[in-house]
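Subject: Structure handover and notes on helix packing

Dear colleague,

I am passing on the structure below, together with my notes on what was found in it. Please read the notes with the coordinates open beside them.

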Amino acid sequence: MDIKTIKKDIISLSLVFGTLFAISGIVEILIGVCSILGFKIKLFLFTGDALGGLALLAVGITYFLGVKRALNEDIRAVSYLFTASIIGLGIGIIAFLLLISNAVGFLLGFEDWQGWSVFNDITVYLILGLFAVIPYKVVKML
């Protein structure tokens, strides 16, 4: 694999997904900090978890570091893309396991889960985790 042939693909994928993760992380952190300060802000898909937002931001930064490496025509840019995608997928898997756990509680009729809906657990973590597979698969095909 030659970096010169896939440089443009790595840069575009890393920029798109880095932006998605970084913006989502910043929004999640801001909502979390506001929640800590006593302001309740509700945004669709966002839970207000400041530490989870830091994880999303870290994945976004990893994608951006891959852009920097690709611009310098360093083959390690692919590693940054793969690493960020795998960590993003890991975050998505954790969100999916949480969804499954809550669904089991609901199906078993536990009192705390009576008002639960599947839409309560569809979060930005789950969606970005699923999307993180895309850059991994695209670069793997190159």
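I begin with a pair of helices, α2 and α3, the latter spanning residues 77-107, whose axes come within 7 Å and cross at roughly 165°. Because that angle is over 145 degrees, α2 and α3 count as roughly antiparallel to each other, and α2 passes α3 in a left-handed crossing. On the α2 side the contact is made by A55, L56, V59, T62, Y63, L65, G66, R69 and A70, and on the α3 side by A77, Y80, L81, A84, S85, I87, G88 and I91. Sorted by class, the residues of this contact between α2 and α3 comprise 12 nonpolar, 4 polar and 1 charged. Please keep in mind throughout that this is a predicted model.

For orientation, the protein chain contains 5 helices and 0 strands, so that its elements, taken from the N terminus on, read α-α-α-α-α. Along the principal axes, the C-alpha atoms fill a box of roughly 60 × 35 × 15 Å, and 37% of the 142 residues in the chain are buried. Of the contacts between residues at least 6 apart in sequence, 72% join residues that are at least 24 apart.

Helix α2 (residues 50-71) also packs with helix α4 (residues 124-131), here at an angle of about 20° and with the axes 12 Å apart. Since the angle is under 35 degrees, α2 is roughly parallel to α4, and α2 passes α4 in a left-handed crossing. The residues that meet are G52, G53 and L56 in α2 and V124, Y125 and L128 in α4; by class, this contact of α2 with α4 has 4 nonpolar residues, 2 polar residues and no charged residues.

Within α4, the buried residues are V124, Y125, L126, L128 and G129, and the buried residues of this helix pack against α1, α2, α3 and α5, where α5 covers 133-141.

For F21, leaving aside its neighbours within four places in sequence, the contacts are L56, L57, V59, G60, Y63, G88, L128 and A132.

A further residue that I looked at in detail is S24, which is found in helix α1. Is S24 buried or exposed? Its relative accessibility is 9%, and because the cut-off for buried is under 20%, S24 counts as buried. Not counting residues up to four places away in sequence, S24 touches F46, L56, V124 and L128. The C-alpha atoms of S24 and G88 are separated by 12 Å, although the two residues lie 64 residues apart along the chain.

Definitions and conventions. Residues numbered from 1 in each chain as written. Predicted model: local features only at pLDDT ≥ 70, side-chain atom pairs only at ≥ 80, totals over all residues. Heavy atoms only, no water. Axes fitted to C-alpha atoms, helices over the stretch in contact; angles between N-to-C directions. Helix = DSSP H or I, 4+ residues; strand = E, 2+ residues; numbered from the N terminus. Parallel < 35°, antiparallel > 145°, perpendicular 65-115°, else oblique. Left-handed = near helix turned anticlockwise from the far one by under 90°. Contact = heavy atoms within 4.5 Å. Nonpolar A, V, L, I, M, F, W, Y, C, P; charged D, E, K, R; others polar. Buried < 20%, exposed > 50% of the residue type's maximum accessible area, 1.4 Å probe, protein only.
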